Amino acid sequence: MASVDVVDVKKSYGAQKVIHGVSINIEDGEFVTLVGPSGCGKSTLLRMIAGLEPITEGTLKIGDRLVNDLPPRDRDIAMVFQSYALYPHKTVAENMGFALKIRKTPKAEIDERVKRAAEILDLGPYLARYPRQLSGGQRQRVAMGRAIVRAPQVFLFDEPLSNLDAKLRVQMRAEIKELHQRLKTTTIYVTHDQIEAMTMADRIVVLHDGIIEQIGSPLQLYDRPANLFVAGFIGSPAMNFIKGRLETSPAPRFVTDDGVELPVPSAPAGSEGRRVVYGIRPEHFSLGGNLQARITVVEPTGAETQVFAQLGEQRVLGVFRERVTAGSGETLALQPDLAAVHLFDAETGLRLN
């Protein structure tokens, strides 16, 4: 196992810059997720760590070794791709042990490592089968087993669950997290799915347009997003953003452009009339209170009820554990949790409170 140090790494394709000076310190044994929308640079960054893409500028260290110019085979990493990339004419056991065979590892050692990985992944009964005889989840386990048998210092995952159905994705992400807890191998995991990032990672790196917007634990990003982008990307359903201004006299409050007033816990000094965005997550509304919202759509999901409503001229979403009996066109009284209100500067998008 080893730490991974990414220091001011940049990537350009000719004149086009795609990674703009990214720095991340990943500790030995840590599970870090790179998350962001398509085109943000997360897969490019992972491929540079793997050695599949050259680094334009900056330094990359795995453990104590500078690996900028090392080929992938010498970096002591193992990568699991979105596509399973299994050899169709080889059995599960042959697929898992193929990299060791290429390295001329003794057959007895290959068999032992494959057997041990198969036990970890519950693949024992399938070692003699071919990929075409396996389900999607089993094929992904084989791809993971192929990485495990190499006993690398670092695991790299590039959206490994994208090709699985929703139920299997939930099962597999739990299995990957359990695997990390058992092996304690440094893991870097790329996904565009913030639920995967939240449920699996020790820390999350949020990327946008080739820069890091914020690094932190899942709950740090959820509770204190650094800016509007992180606030809107982390959390499902997404945070409500309401535009307006701060007023401080006689007491701090937020006022929308059409005169709807919302409570705030406090206001920064000198913020009278400041244009801000009021952020409140759907789950941080409760029923009752002084805010009158006109219901547009009610979506019961069983354990929760999602209510879309108009708060003045702005649309908001509330998620409630209680059953909501009111329907479209009716008025719903809402109360935001003051401890969970986020204020962002309307111009810069940066967090104020």
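Q: Let's start with one spot in the chain. Where is the place of Ala-85?

A: Look in the loop between strand E6 (77-80) and H2; that's where Ala-85 sits. Keep in mind as we go that this is a predicted model.

Q: And what is the phi of Ala-85?

A: Here's a backbone angle to check: the phi of Ala-85 is positive, about 55 degrees, although this residue is not a glycine.

Q: Staying with the backbone, which residues does a cis peptide bond join?

A: Ser-236 and Pro-237 are joined by one, with omega at about 0 degrees. You'll find Pro-237 in the loop between helix H8 (228-233) and strand E11 (240-247). Another cis peptide bond links Ser-249 to Pro-250, and there too omega is about 0 degrees. Pro-250 has its place in the loop between E11 and strand E12 (253-256).

Q: Now for the domain. Which residues does UniProt list for "domain: ABC transporter"?

A: The UniProt record, an unreviewed entry, gives residues 4-234 under that name. In the model, that span is 36% helix and 26% strand, and its end C-alpha atoms lie 25 Å apart.

Q: Next, helix pairs. At what angle do the axes of helix H2 and helix H3 cross?

A: For a helix pair, check how close the axes come and at what angle they cross. Helix H2 (residues 92-102) and helix H3 (residues 107-120) have axes that come within 9 Å and cross at roughly 135 degrees. That angle is why H2 counts as oblique to H3. The crossing in which H2 passes H3 is right-handed.

Q: Which residues of H2 and H3 make the contact?

A: On the H2 side, look for Ala-93, Met-96, Gly-97, Leu-100 and Lys-101. H3 brings Ile-110, Arg-113, Val-114, Ala-117 and Ala-118. Sort the residues of this H2 with H3 contact by class and you get seven nonpolar, one polar and two charged.

Q: H2 has another partner, H4. How do the axes of H2 and helix H4 cross?

A: The axes of H2 and helix H4 (residues 136-148) come within 7 Å, crossing at roughly 35 degrees. This crossing of H2 and H4 is right-handed. From H2, Val-92, Asn-95 and Met-96 meet Val-142, Gly-145 and Arg-146 in H4. By class, the contact of H2 with H4 has three nonpolar residues, two polar and one charged.

Q: Moving along from H4, at what angle do H4 and helix H5 pack?

A: The angle between H4 and helix H5 (residues 166-183) is about 20 degrees, with their axes 11 Å apart. That makes H4 roughly parallel to H5. H4 passes H5 in a crossing that is right-handed. Residues in this contact include Gln-140, Arg-141 and Met-144 of H4, along with Met-172, Glu-175 and Ile-176 of H5.

Q: Last topic: charges. How many salt bridges does a search of the whole structure find?

A: The general idea is that side chains of opposite charge can pair when their charged atoms come close. Searching the whole structure turns up 17 salt bridges. One of them pairs Lys-11 with Glu-53, whose closest N and O atoms are 3.6 Å apart.

Q: Where do Lys-11 and Glu-53 lie in the chain?

A: Lys-11 is in strand E1 (residues 4-13), while Glu-53 is in the loop between helix H1 (42-50) and strand E4 (57-62). The two are 42 residues apart, and the pair links distant parts of the chain.

Conventions:
Residues numbered from 1 in each chain as written. Predicted model: local features only at pLDDT ≥ 70, side-chain atom pairs only at ≥ 80, totals over all residues. Heavy atoms only, no water. UniProt positions renumbered as here; feature names shortened; annotations may be inferred. Helix = DSSP H or I, 4+ residues; strand = E, 2+ residues; numbered from the N terminus. Axes fitted to C-alpha atoms, helices over the stretch in contact; angles between N-to-C directions. Parallel < 35°, antiparallel > 145°, perpendicular 65-115°, else oblique. Left-handed = near helix turned anticlockwise from the far one by under 90°. Contact = heavy atoms within 4.5 Å. Nonpolar A, V, L, I, M, F, W, Y, C, P; charged D, E, K, R; others polar. Salt bridge = Lys/Arg side-chain N within 4 Å of Asp/Glu carboxyl O.
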